Amino acid sequence: MTSPTRVEIARAAAGAGAAAAAEYLRRPGIARWDKADGSIVTEADLAAEQAVLAVLHRFAPGEAVLAEESGGANELSEVWIVDPIDGTENFSRRHPVWGTLVAWHDRDAVAAAAIDAPGLDRRWWAAAGQGAHGVSGRLQTSAVRDRRSASFAFGGAHEYPVPAWEALADVMRGFRTAWGWGNFWGHMMVAEGSVDAALSYGTSPWDVAAPALIVAEAGGAWTDMSGARDLQSGSLLTTNGELHKELTADLRYCPIPPNTLVSD
């Protein structure tokens, strides 16, 4: 029997986590708690993470894991990176924009990734050098070059300190449209070509590892707001590649203090 590939493991783990979380939406109430960073965690987050870990322990026994709720590895070397529910605020309100994110970081870069979003009936996955895929086939970013014809997605105004939000608003006014679509979904729409740029702020590695690879494998580009390819800096900018250089030049001047927020 052939052993599953990294991306197949990531897909199975993301699917298991998303299914475990979705079961809680059948209940009349979902228990939730406030975390020290101001975000929330629900009983579904914990169940989803355990479901993901069960798959990883089965198919990748003994390998390091960094998971949002249970922690784990301190270094981004050879490690699985897990976000059991990206969009917990949405999930807790039974909003469909949430998903389970799983990525494999191999030495210096993310090498496999999968996102499962049952509320949207969407799934996305990628392996380094093999392209990005979704339920409708291979993904390809857009070719839009003019910001005045482009669409921009951001996580949410609540994630930004006031001066930073005002500066970002000035940047977004140059786009034809700008939408607060939530974090992972904005980046996945960049990968699908229906949005041309997306930004998340207040991030941790589990928020950005999977989206970064999927967008890159769809032909796009990713960095943090300063233009660095850093999963730990606290922000993720993805674009179709055509808009990346000028957009990072603009965002570099947004007055954003050291990251004290965490996206949900």
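R94 lies in the loop between helix α3 (88-92) and strand β6, where helices (H or I, at least four residues) and strands (E, at least two) are DSSP runs numbered from the N terminus. The structure is a predicted model, in which local features need pLDDT of at least 70 and side-chain atom pairs count only at pLDDT 80 or more, while totals for chains, interfaces and linings use all residues. Residues are numbered from 1 along each chain as its sequence is written, and side-chain values use heavy atoms, with hydrogens and water left out.

The phi angle of R94 is near 60°, a positive value in a residue other than glycine. With a relative accessible area of 38%, R94 is partly exposed; buried means under 20% relative accessible area, exposed over 50%, and partly exposed in between (1.4 Å probe, protein chains only). R107 also has a positive phi, of about 60°, although R107 is not a glycine. This residue is found in the loop between β6 and β7 and counts as exposed at 52% relative accessibility.

Strands are taken to pair if DSSP finds at least two bridges between them. Within this pair, H105 stands opposite V110 in β7. Both strands belong to an open sheet of eight strands with mixed pairing, in the order β4-β3-β5-β6-β7-β8-β9-β10. Its edge strands, β4 (71-72) and β10 (137-138), each pair on one side only.

Helix α5 (residues 183-192) lies across β5 (79-86), β6, β7 and β8 (122-127) and runs at about 65° to β8. Helix α6 (residues 205-217) packs on the sheet and touches β3 (65-67), β5, β6, β7, β8 and β9 (132-134), its direction making about 100° with that of β7. Contact means heavy atoms within 4.5 Å; axes are lines fitted to C-alpha atoms, for helices over the stretch in contact, and angles run from 0 to 180 degrees between N-to-C directions.

Helix α6 is mostly covered, with 12 of its 13 residues buried. Among the buried residues are W206, D207, L213, I214 and E217. The end C-alpha atoms of α6 are 18 Å apart, in agreement with the 18 Å that its 13 residues should span at 1.5 Å a residue; the expected span is 1.5 Å times one less than the number of residues. Just after α6, G219 takes a positive phi of about 100°.

A further pairing involves β11 (residues 151-154). Three bridges join β11 to β12 (residues 177-179), and the two strands run parallel. S151 stands opposite T177 in β12. From β11, S151 and A153 point one way and F152 and F154 the other, and all are buried. In a regular strand the side chains alternate between the two faces of the sheet.

The chain holds seven helices and 15 strands in total. Its radius of gyration is 17 Å, close to the 18 Å given by the globule rule for 264 residues, so the chain is as compact as a globular protein of that length. The radius is taken over C-alpha atoms, and the rule is 2.2 Å times the number of residues to the power 0.38. Along its principal axes the C-alpha trace spans about 50 × 40 × 35 Å. Of the 264 residues, 53% count as buried. Among contacts between residues at least 6 apart in sequence, 64% join residues at least 24 apart.
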